[in-house]
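Please look at the sequence and structure before reading on.

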Amino acid sequence: MNPAYATVDHVFTVPLDHSAPSGPGIQVFAREVVDPARAGERLPWLLYLQGGPGGKSPRPSAGSPSWLAQALKTHRVLLLDQRGTGRSTPVTARSAARFTSPAQLATYLGHFRADAVVADAELIRHQLCGEQPWETLGQSYGGFITLTYLSEAPEGLRACYVTGGLPGLTATADDVYARTYPRVRDRVLDFYARYPDDAPRLRKIADLLAATEVRLPNGDRLTTRRLRTLGLALGMGDGFERIHWLLDESLDAEGEPSDTFLHQVMALTGFTDNPLFAVMQETLYGQGAGSSGWAASRALEDLPEFAEDADPLLLTGEMIYPWMFRDITGLRPFADAADLLAERADWPPLYDPHRLAANQVPLSAIVYHDDMYVDAALSLRTAREVGGTRVWITNEWEHDGVTASGGRVLARLMDLAADRA
(Lines give C-alpha, C1' and ligand atoms only; values in the text may rest on other atoms or scores of the structure.)
Protein backbone atom coordinates (compact mmCIF):
# COMPACT_ATOMS: atom_id res chain seq x y z
CA MET A 1 0.00 0.00 0.00
CA ASN A 2 1.33 3.45 -0.89
CA PRO A 3 2.05 5.90 1.94
CA ALA A 4 -0.35 8.80 2.38
CA TYR A 5 2.25 11.33 1.28
CA ALA A 6 5.53 11.45 -0.59
CA THR A 7 7.97 13.85 1.06
CA VAL A 8 11.30 15.45 0.25
CA ASP A 9 13.31 17.40 2.84
CA HIS A 10 15.04 20.61 1.75
CA VAL A 11 17.64 22.65 3.62
CA PHE A 12 18.55 26.13 2.39
CA THR A 13 21.28 28.50 3.53
CA VAL A 14 20.02 32.07 3.77
CA PRO A 15 21.56 35.30 5.08
CA LEU A 16 20.75 36.14 8.67
CA ASP A 17 20.37 39.72 7.45
CA HIS A 18 19.12 39.88 3.87
CA SER A 19 20.37 43.45 3.57
CA ALA A 20 23.89 42.08 4.11
CA PRO A 21 23.88 38.89 1.99
CA SER A 22 27.62 38.32 2.42
CA GLY A 23 27.28 38.24 6.21
CA PRO A 24 26.51 35.29 8.50
CA GLY A 25 24.08 32.67 7.27
CA ILE A 26 21.49 30.45 8.89
CA GLN A 27 19.72 27.32 7.70
CA VAL A 28 16.06 27.16 6.79
CA PHE A 29 14.31 23.81 6.55
CA ALA A 30 11.24 22.99 4.47
CA ARG A 31 9.47 19.73 3.70
CA GLU A 32 7.97 19.15 0.26
CA VAL A 33 4.79 17.04 0.32
CA VAL A 34 2.95 15.57 -2.67
CA ASP A 35 0.37 12.91 -3.42
CA PRO A 36 2.45 9.81 -4.28
CA ALA A 37 0.27 9.18 -7.32
CA ARG A 38 1.18 12.63 -8.68
CA ALA A 39 4.78 12.89 -7.55
CA GLY A 40 6.10 12.96 -11.12
CA GLU A 41 3.69 15.65 -12.32
CA ARG A 42 4.41 19.35 -12.70
CA LEU A 43 2.06 20.78 -10.07
CA PRO A 44 1.63 24.31 -8.73
CA TRP A 45 3.30 24.96 -5.38
CA LEU A 46 1.46 25.93 -2.21
CA LEU A 47 3.66 27.41 0.53
CA TYR A 48 2.26 26.93 4.03
CA LEU A 49 2.94 29.75 6.50
CA GLN A 50 2.42 28.55 10.07
CA GLY A 51 0.92 30.66 12.83
CA GLY A 52 2.88 31.92 15.80
CA PRO A 53 5.29 33.65 15.78
CA GLY A 54 7.59 30.81 16.71
CA GLY A 55 5.53 27.90 15.45
CA LYS A 56 7.17 25.29 13.25
CA SER A 57 5.26 23.78 10.34
CA PRO A 58 3.15 20.68 11.03
CA ARG A 59 4.73 17.27 10.56
CA PRO A 60 2.54 15.32 8.14
CA SER A 61 1.00 12.00 9.09
CA ALA A 62 -2.06 10.11 7.87
CA GLY A 63 -4.93 12.59 8.01
CA SER A 64 -2.91 15.37 9.63
CA PRO A 65 -2.95 18.28 9.20
CA SER A 66 -6.50 17.80 8.01
CA TRP A 67 -6.32 20.44 5.24
CA LEU A 68 -3.34 18.77 3.60
CA ALA A 69 -5.33 16.10 1.74
CA GLN A 70 -7.41 18.85 0.14
CA ALA A 71 -4.31 20.79 -0.89
CA LEU A 72 -2.63 17.74 -2.41
CA LYS A 73 -5.51 17.19 -4.81
CA THR A 74 -4.14 20.05 -6.89
CA HIS A 75 -0.82 21.20 -5.43
CA ARG A 76 2.65 20.30 -4.30
CA VAL A 77 2.89 21.67 -0.73
CA LEU A 78 5.92 23.17 0.99
CA LEU A 79 5.79 23.05 4.80
CA LEU A 80 8.23 25.76 5.85
CA ASP A 81 9.85 25.89 9.27
CA GLN A 82 10.15 29.66 9.49
CA ARG A 83 13.58 30.88 10.54
CA GLY A 84 14.29 30.14 14.18
CA THR A 85 11.74 27.31 14.43
CA GLY A 86 11.82 23.54 14.12
CA ARG A 87 14.84 22.50 12.06
CA SER A 88 15.60 26.04 10.83
CA THR A 89 18.61 27.06 12.98
CA PRO A 90 16.28 27.07 15.98
CA VAL A 91 16.18 29.86 18.54
CA THR A 92 16.13 28.16 21.94
CA ALA A 93 17.00 28.98 25.51
CA ARG A 94 20.27 27.10 25.02
CA SER A 95 21.21 29.01 21.86
CA ALA A 96 20.24 32.33 23.45
CA ALA A 97 22.51 31.66 26.43
CA ARG A 98 25.52 31.50 24.10
CA PHE A 99 25.32 35.21 23.22
CA THR A 100 27.85 37.39 25.01
CA SER A 101 25.48 40.29 25.73
CA PRO A 102 21.77 41.13 25.73
CA ALA A 103 22.39 43.73 23.02
CA GLN A 104 24.00 41.13 20.76
CA LEU A 105 21.07 38.75 21.29
CA ALA A 106 18.51 41.51 20.72
CA THR A 107 20.21 42.45 17.45
CA TYR A 108 20.12 38.82 16.36
CA LEU A 109 16.43 38.44 17.25
CA GLY A 110 15.61 41.57 15.29
CA HIS A 111 16.17 39.49 12.14
CA PHE A 112 13.27 37.12 12.85
CA ARG A 113 10.25 39.17 11.85
CA ALA A 114 7.90 38.68 8.90
CA ASP A 115 10.04 40.67 6.46
CA ALA A 116 12.92 38.22 6.95
CA VAL A 117 10.59 35.23 6.53
CA VAL A 118 9.38 36.70 3.23
CA ALA A 119 12.96 37.21 2.03
CA ASP A 120 13.70 33.57 2.92
CA ALA A 121 10.60 32.44 1.05
CA GLU A 122 11.59 34.33 -2.09
CA LEU A 123 15.08 32.84 -2.05
CA ILE A 124 13.57 29.38 -1.67
CA ARG A 125 10.98 30.00 -4.40
CA HIS A 126 13.67 30.92 -6.90
CA GLN A 127 15.57 27.74 -6.09
CA LEU A 128 12.54 25.45 -6.33
CA CYS A 129 10.35 27.20 -8.92
CA GLY A 130 12.61 29.49 -10.88
CA GLU A 131 10.56 32.51 -11.94
CA GLN A 132 7.20 30.79 -11.46
CA PRO A 133 5.04 32.35 -8.70
CA TRP A 134 3.49 30.14 -6.06
CA GLU A 135 0.45 30.24 -3.81
CA THR A 136 0.42 30.63 -0.05
CA LEU A 137 -1.76 29.43 2.81
CA GLY A 138 -1.25 31.59 5.88
CA GLN A 139 -2.73 30.50 9.21
CA SER A 140 -3.01 33.22 11.88
CA TYR A 141 0.43 34.88 12.01
CA GLY A 142 0.98 33.29 8.61
CA GLY A 143 -1.61 35.77 7.38
CA PHE A 144 0.48 38.62 8.77
CA ILE A 145 3.42 37.27 6.80
CA THR A 146 1.18 37.08 3.72
CA LEU A 147 0.42 40.81 3.89
CA THR A 148 4.15 41.50 4.21
CA TYR A 149 4.76 39.24 1.21
CA LEU A 150 2.17 41.15 -0.84
CA SER A 151 3.84 44.39 0.24
CA GLU A 152 7.38 43.38 -0.65
CA ALA A 153 7.32 40.72 -3.37
CA PRO A 154 3.86 40.32 -4.96
CA GLU A 155 5.51 39.12 -8.17
CA GLY A 156 6.28 35.87 -6.34
CA LEU A 157 2.62 35.15 -5.62
CA ARG A 158 -0.10 33.68 -7.79
CA ALA A 159 -2.84 33.55 -5.11
CA CYS A 160 -2.99 33.81 -1.32
CA TYR A 161 -5.29 32.16 1.21
CA VAL A 162 -5.48 33.49 4.78
CA THR A 163 -7.19 31.79 7.71
CA GLY A 164 -7.80 33.95 10.77
CA GLY A 165 -4.85 36.24 10.08
CA LEU A 166 -5.64 39.57 8.44
CA PRO A 167 -3.73 42.08 10.64
CA GLY A 168 -4.57 45.70 11.20
CA LEU A 169 -2.20 47.44 8.82
CA THR A 170 -1.54 50.41 11.10
CA ALA A 171 -2.58 48.91 14.47
CA THR A 172 -0.07 49.42 17.27
CA ALA A 173 0.41 46.99 20.14
CA ASP A 174 -1.66 49.34 22.30
CA ASP A 175 -4.49 49.26 19.76
CA VAL A 176 -4.39 45.48 19.62
CA TYR A 177 -4.49 44.88 23.38
CA ALA A 178 -7.22 47.44 23.95
CA ARG A 179 -9.36 45.22 21.71
CA THR A 180 -8.01 41.86 22.90
CA TYR A 181 -8.60 42.02 26.66
CA PRO A 182 -12.40 42.45 26.39
CA ARG A 183 -12.58 39.47 24.02
CA VAL A 184 -10.53 37.35 26.43
CA ARG A 185 -12.74 38.40 29.35
CA ASP A 186 -15.87 37.40 27.44
CA ARG A 187 -14.33 34.09 26.41
CA VAL A 188 -13.38 33.23 30.01
CA LEU A 189 -16.90 34.05 31.18
CA ASP A 190 -18.31 31.84 28.43
CA PHE A 191 -15.99 29.07 29.64
CA TYR A 192 -17.27 29.44 33.20
CA ALA A 193 -20.86 29.40 31.92
CA ARG A 194 -20.19 26.07 30.21
CA TYR A 195 -18.29 24.63 33.19
CA PRO A 196 -19.57 26.43 36.31
CA ASP A 197 -17.52 24.34 38.74
CA ASP A 198 -14.27 25.43 37.11
CA ALA A 199 -14.49 29.03 38.34
CA PRO A 200 -14.34 28.11 42.06
CA ARG A 201 -11.79 25.39 41.30
CA LEU A 202 -9.46 27.92 39.65
CA ARG A 203 -9.95 30.33 42.55
CA LYS A 204 -9.12 27.54 45.00
CA ILE A 205 -5.91 26.74 43.12
CA ALA A 206 -4.96 30.43 42.95
CA ASP A 207 -5.51 30.87 46.69
CA LEU A 208 -3.38 27.80 47.33
CA LEU A 209 -0.58 29.18 45.16
CA ALA A 210 -0.71 32.48 47.01
CA ALA A 211 -0.50 30.77 50.41
CA THR A 212 2.13 28.12 49.70
CA GLU A 213 5.13 27.63 47.45
CA VAL A 214 4.27 25.16 44.70
CA ARG A 215 7.00 24.06 42.31
CA LEU A 216 6.65 22.67 38.81
CA PRO A 217 8.70 19.58 37.91
CA ASN A 218 11.50 21.74 36.43
CA GLY A 219 11.77 23.81 39.62
CA ASP A 220 9.88 26.90 38.43
CA ARG A 221 7.46 28.27 41.00
CA LEU A 222 3.84 28.06 39.90
CA THR A 223 2.22 31.41 40.58
CA THR A 224 -1.28 32.70 39.97
CA ARG A 225 -0.07 34.87 37.11
CA ARG A 226 1.49 31.86 35.39
CA LEU A 227 -1.63 29.79 36.07
CA ARG A 228 -3.72 32.44 34.33
CA THR A 229 -1.76 32.14 31.10
CA LEU A 230 -3.53 28.82 30.50
CA GLY A 231 -6.25 31.00 29.01
CA LEU A 232 -4.23 31.14 25.81
CA ALA A 233 -5.93 27.89 24.76
CA LEU A 234 -9.49 29.23 25.02
CA GLY A 235 -9.52 30.67 21.50
CA MET A 236 -9.22 27.26 19.83
CA GLY A 237 -12.09 24.97 18.94
CA ASP A 238 -11.21 22.46 21.65
CA GLY A 239 -9.85 25.02 24.10
CA PHE A 240 -12.70 24.92 26.62
CA GLU A 241 -12.44 21.16 26.91
CA ARG A 242 -8.64 21.14 27.11
CA ILE A 243 -8.72 23.50 30.11
CA HIS A 244 -11.73 21.80 31.70
CA TRP A 245 -10.16 18.34 31.66
CA LEU A 246 -6.87 19.75 32.88
CA LEU A 247 -8.69 21.24 35.86
CA ASP A 248 -10.66 18.03 36.36
CA GLU A 249 -7.46 16.33 37.54
CA SER A 250 -5.84 19.37 39.10
CA LEU A 251 -6.09 18.44 42.79
CA ASP A 252 -5.14 15.18 44.49
CA ALA A 253 -6.92 13.46 47.38
CA GLU A 254 -5.22 15.80 49.88
CA GLY A 255 -6.34 18.91 48.00
CA GLU A 256 -2.85 19.65 46.69
CA PRO A 257 -1.97 20.26 43.01
CA SER A 258 -1.58 16.85 41.43
CA ASP A 259 1.60 15.70 39.71
CA THR A 260 -0.35 15.30 36.47
CA PHE A 261 -1.61 18.86 36.67
CA LEU A 262 1.81 20.32 37.46
CA HIS A 263 3.46 18.44 34.62
CA GLN A 264 0.86 19.61 32.11
CA VAL A 265 0.98 23.22 33.31
CA MET A 266 4.77 23.20 32.98
CA ALA A 267 4.50 21.95 29.39
CA LEU A 268 1.68 24.30 28.39
CA THR A 269 3.25 27.45 29.84
CA GLY A 270 6.98 26.76 29.50
CA PHE A 271 7.71 27.98 25.92
CA THR A 272 10.33 25.25 25.59
CA ASP A 273 9.46 24.53 21.96
CA ASN A 274 8.61 28.07 20.88
CA PRO A 275 10.36 30.83 22.84
CA LEU A 276 10.05 33.08 19.77
CA PHE A 277 6.31 33.23 20.41
CA ALA A 278 6.99 35.12 23.61
CA VAL A 279 10.09 36.99 22.51
CA MET A 280 8.68 38.34 19.25
CA GLN A 281 4.99 38.75 20.13
CA GLU A 282 4.85 42.52 20.49
CA THR A 283 7.39 43.14 17.73
CA LEU A 284 4.63 42.09 15.29
CA TYR A 285 3.13 45.54 15.74
CA GLY A 286 6.34 47.58 15.57
CA GLN A 287 6.36 49.69 12.41
CA GLY A 288 8.26 52.83 13.23
CA ALA A 289 5.51 54.11 15.51
CA GLY A 290 7.55 54.00 18.72
CA SER A 291 8.36 51.19 21.11
CA SER A 292 5.80 48.67 22.35
CA GLY A 293 6.94 49.26 25.94
CA TRP A 294 5.36 46.00 27.10
CA ALA A 295 1.93 47.07 25.87
CA ALA A 296 0.02 44.06 27.20
CA SER A 297 1.41 44.60 30.69
CA ARG A 298 0.60 48.31 30.68
CA ALA A 299 -2.95 47.66 29.50
CA LEU A 300 -3.51 45.09 32.26
CA GLU A 301 -2.79 47.68 34.94
CA ASP A 302 -5.96 49.58 33.99
CA LEU A 303 -8.28 46.55 34.07
CA PRO A 304 -9.41 45.83 37.64
CA GLU A 305 -11.55 42.89 36.51
CA PHE A 306 -8.26 41.15 35.64
CA ALA A 307 -6.78 41.61 39.12
CA GLU A 308 -5.45 38.40 40.67
CA ASP A 309 -7.80 38.76 43.64
CA ALA A 310 -10.89 39.46 41.51
CA ASP A 311 -13.75 37.01 41.51
CA PRO A 312 -14.17 35.25 39.20
CA LEU A 313 -10.50 34.87 38.40
CA LEU A 314 -9.97 35.84 34.76
CA LEU A 315 -7.43 33.96 32.72
CA THR A 316 -5.28 35.83 30.22
CA GLY A 317 -4.80 35.06 26.53
CA GLU A 318 -2.24 35.82 23.84
CA MET A 319 -0.42 38.35 25.99
CA ILE A 320 3.23 38.34 26.93
CA TYR A 321 4.45 40.00 30.13
CA PRO A 322 7.94 40.99 31.27
CA TRP A 323 7.72 38.81 34.41
CA MET A 324 7.62 35.72 32.19
CA PHE A 325 11.25 36.21 31.26
CA ARG A 326 12.28 36.02 34.93
CA ASP A 327 9.87 33.32 36.12
CA ILE A 328 10.00 30.78 33.29
CA THR A 329 13.15 28.70 32.79
CA GLY A 330 12.77 28.49 29.02
CA LEU A 331 12.60 32.28 28.69
CA ARG A 332 15.20 33.47 31.24
CA PRO A 333 18.13 33.64 28.77
CA PHE A 334 16.06 36.12 26.74
CA ALA A 335 15.11 38.43 29.63
CA ASP A 336 17.39 41.43 29.10
CA ALA A 337 17.22 41.14 25.31
CA ALA A 338 13.41 41.10 25.50
CA ASP A 339 13.53 44.36 27.45
CA LEU A 340 15.67 45.87 24.70
CA LEU A 341 13.23 44.70 22.04
CA ALA A 342 10.36 46.25 24.00
CA GLU A 343 12.26 49.54 24.05
CA ARG A 344 13.19 49.53 20.36
CA ALA A 345 11.38 52.24 18.41
CA ASP A 346 12.90 52.01 14.93
CA TRP A 347 11.25 48.85 13.61
CA PRO A 348 10.88 49.06 9.84
CA PRO A 349 7.35 48.90 8.39
CA LEU A 350 6.01 45.48 7.55
CA TYR A 351 3.18 46.59 5.26
CA ASP A 352 3.04 48.98 2.32
CA PRO A 353 -0.50 50.46 2.30
CA HIS A 354 -0.14 51.97 -1.18
CA ARG A 355 1.11 48.76 -2.73
CA LEU A 356 -1.54 46.74 -0.94
CA ALA A 357 -4.29 49.07 -2.12
CA ALA A 358 -3.16 48.42 -5.70
CA ASN A 359 -2.76 44.67 -5.14
CA GLN A 360 -3.86 42.43 -8.01
CA VAL A 361 -2.90 39.05 -6.54
CA PRO A 362 -6.11 37.17 -5.65
CA LEU A 363 -6.39 37.12 -1.86
CA SER A 364 -9.16 35.17 -0.13
CA ALA A 365 -9.49 35.18 3.65
CA ILE A 366 -11.71 33.67 6.29
CA VAL A 367 -12.44 35.97 9.23
CA TYR A 368 -13.76 34.23 12.34
CA HIS A 369 -16.43 36.46 13.82
CA ASP A 370 -15.60 35.52 17.41
CA ASP A 371 -11.82 35.16 17.02
CA MET A 372 -10.17 35.63 20.43
CA TYR A 373 -6.73 36.34 19.00
CA VAL A 374 -7.19 38.43 15.84
CA ASP A 375 -9.71 41.25 15.99
CA ALA A 376 -12.41 40.73 13.36
CA ALA A 377 -13.07 44.47 12.96
CA LEU A 378 -9.41 45.17 12.22
CA SER A 379 -9.36 42.25 9.77
CA LEU A 380 -12.39 43.56 7.90
CA ARG A 381 -10.89 47.03 7.73
CA THR A 382 -7.76 45.53 6.19
CA ALA A 383 -9.86 43.56 3.70
CA ARG A 384 -11.33 46.86 2.48
CA GLU A 385 -7.87 48.38 2.16
CA VAL A 386 -6.22 45.58 0.17
CA GLY A 387 -7.04 45.20 -3.51
CA GLY A 388 -8.06 41.82 -4.88
CA THR A 389 -9.44 40.63 -1.54
CA ARG A 390 -12.50 38.46 -0.98
CA VAL A 391 -13.61 37.70 2.58
CA TRP A 392 -15.68 34.95 4.13
CA ILE A 393 -17.02 35.84 7.60
CA THR A 394 -18.26 33.03 9.81
CA ASN A 395 -18.70 31.93 13.42
CA GLU A 396 -18.85 28.25 12.52
CA TRP A 397 -15.28 27.73 13.73
CA GLU A 398 -12.84 29.24 16.16
CA HIS A 399 -9.31 30.36 15.28
CA ASP A 400 -8.24 26.87 14.18
CA GLY A 401 -10.98 26.45 11.60
CA VAL A 402 -8.62 25.50 8.79
CA THR A 403 -7.72 22.38 10.77
CA ALA A 404 -11.05 21.77 12.48
CA SER A 405 -12.95 21.88 9.19
CA GLY A 406 -10.93 19.22 7.39
CA GLY A 407 -10.45 20.59 3.90
CA ARG A 408 -13.62 22.67 3.77
CA VAL A 409 -12.08 26.04 4.65
CA LEU A 410 -9.19 25.69 2.24
CA ALA A 411 -11.42 24.42 -0.57
CA ARG A 412 -13.73 27.40 -0.29
CA LEU A 413 -10.87 29.90 -0.07
CA MET A 414 -9.43 28.44 -3.25
CA ASP A 415 -12.81 28.77 -4.93
CA LEU A 416 -13.13 32.38 -3.76
CA ALA A 417 -9.71 33.27 -5.10
CA ALA A 418 -10.56 31.60 -8.40
CA ASP A 419 -13.94 33.42 -8.47
CA ARG A 420 -15.83 30.15 -8.30
CA ALA A 421 -17.82 31.01 -5.15
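**Strands S7 and S8**

S7 and S8 pair in parallel through 6 bridges, where pairing requires that DSSP finds at least two bridges between two strands. Tyr368 has Thr394 in S8 as its bridge partner. Between S7 and S8 the chain passes through helix H16 (residues 376-385), forming a right-handed β-α-β crossover; right-handed means that, with the strands pointing away from the viewer, the path from the first strand over the helix to the second runs clockwise. Helices (H or I, at least four residues) and strands (E, at least two) are DSSP runs, numbered from the N terminus.

The model is predicted: local features need pLDDT of at least 70 and side-chain atom pairs count only at pLDDT 80 or more, while totals for chains, interfaces and linings use all residues. Residues are numbered from 1 along each chain as its sequence is written, and side-chain values use heavy atoms, leaving out hydrogens and water.

**Burial of S7**

In S7, 6 of the 6 residues are buried, so this strand is largely enclosed by the rest of the structure. Buried means under 20% relative accessible area, exposed over 50%, and partly exposed in between (1.4 Å probe, protein chains only). Leu363, Ala365 and Val367 point one way from S7, whereas Ser364, Ile366 and Tyr368 point the other way. In a regular strand the side chains alternate between the two faces of the sheet.

**The whole sheet**

The open sheet has 8 strands in the order S1-S2-S4-S3-S5-S6-S7-S8, with mixed pairing. Strands S1 (6-15) and S8 (389-394) stand at the edges with a single partner strand each, so one side of each lacks a neighbour in the sheet.
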